Amino acid sequence: MMGIRLDRGIDEAIRAHGIETYPNECCGALIGREGVVTATYALPNTTEEGPRRRFLVRPSDYQEAEKRATAAGGDLLGFYHSHPDHPARPSQYDLDHAWPFFSYIIVSVRDGVSEAMTSWRLRDDRSVFDPEELHVGGEPPRGPAMS
Amino acid sequence: MPNTINIPTPLRPFTEKKEAVEVSGATVGELLADLTTKHDGLRKHLYTDEGKLRNFVNVYLNDEDIRYLQKEQTPVKSGDTLSIVPSVAGGGGVEASPVHGDGASR
């Protein structure tokens, strides 16, 4: 199982965004390096299909997120979104629209209170999302992969 | 002069991490076909099983969305640049199945 680590404050920023937009879904970009998210970039939910159950990052916002990641000396590692009054598990719609490589962090927000947060990656054959370990805060683990 | 396709972050693992790939062809569709011939792993992420471009895959010829041109039949000139730009979409509702294990939290 692969994993992703959220630097200090990232967990709180994602949860705060989900609470702010409740009962609608929030969305944003995850920026960092080597599996460590060091910044989030909140994005507008531009869906026209009902923001309580859908989010959409339009192409121009995607490009801006990629530019910001590069300018910060990092990479675009994925995206986060909230599931208002639904579990933090990927929906069929999430799976149908997923990109490879990216981490997809989902936070459940129930009655305006954030609950479970999970992270997922699309399997290479697009058949399923696999869960990945989500580490919150603290120092990044030491080791060759993180040096 | 060849044409270039700009590759977004999530597809770079399939292009040996290249941000841009040189391709050749007379139309947008031919350039994309050349890309997927050179990097076969991209095909399933760009196209549906029926061979249509996925609706969250946006393709721009220079800076114009090909949906407002002649889509994949749009002719290209020497030196034109294509960009593949993701829309990122999702949301709650019916859970995908099957998923294996629980998404780990903390």
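Predicted model: local features only at pLDDT ≥ 70, side-chain atom pairs only at ≥ 80, totals over all residues.
Helix H1 (residues 10-21) of chain A does. I listed the strands that H1 touches: S1 (3-6), S2 (27-33), S3 (36-43), S5 (75-84), S6, S7 and S8 (129-136) of chain A. The direction of H1 makes about 50° with that of S6(A).

Then I followed the strand order in chain A. I found 7 strands closing into a barrel, S1-S3-S2-S5-S6-S7-S8, with mixed pairing. From one strand to the next, the twist averages 40°.

On to the partner chain. I counted 29 residues of chain B in contact with 44 residues of chain A. On the chain B side, I see helix H2 (43-46), strand S5 (81-86) and strand S6 (88-90) each giving two or more residues. Which of them gives the largest share? My note says S6(B), with 3 residues. By residue type, I have 13 nonpolar, 12 polar and 4 charged on that side of chain B.

Last, I checked how S6(B) meets chain A. S6(B) pairs with strand S4 (residues 55-57) of chain A in the antiparallel sense, over 3 bridges. I also wrote down that Leu56(A) stands opposite Ala89(B) in S6(B).

Notes. Residues numbered from 1 in each chain as written. Chains lettered and ligands numbered in written order. Contact = placed C-beta atoms within 7 Å. Helix = DSSP H or I, 4+ residues; strand = E, 2+ residues; numbered from the N terminus. Nonpolar A, V, L, I, M, F, W, Y, C, P; charged D, E, K, R; others polar. Pairing = 2+ DSSP bridges. Axes fitted to C-alpha atoms, helices over the stretch in contact; angles between N-to-C directions.
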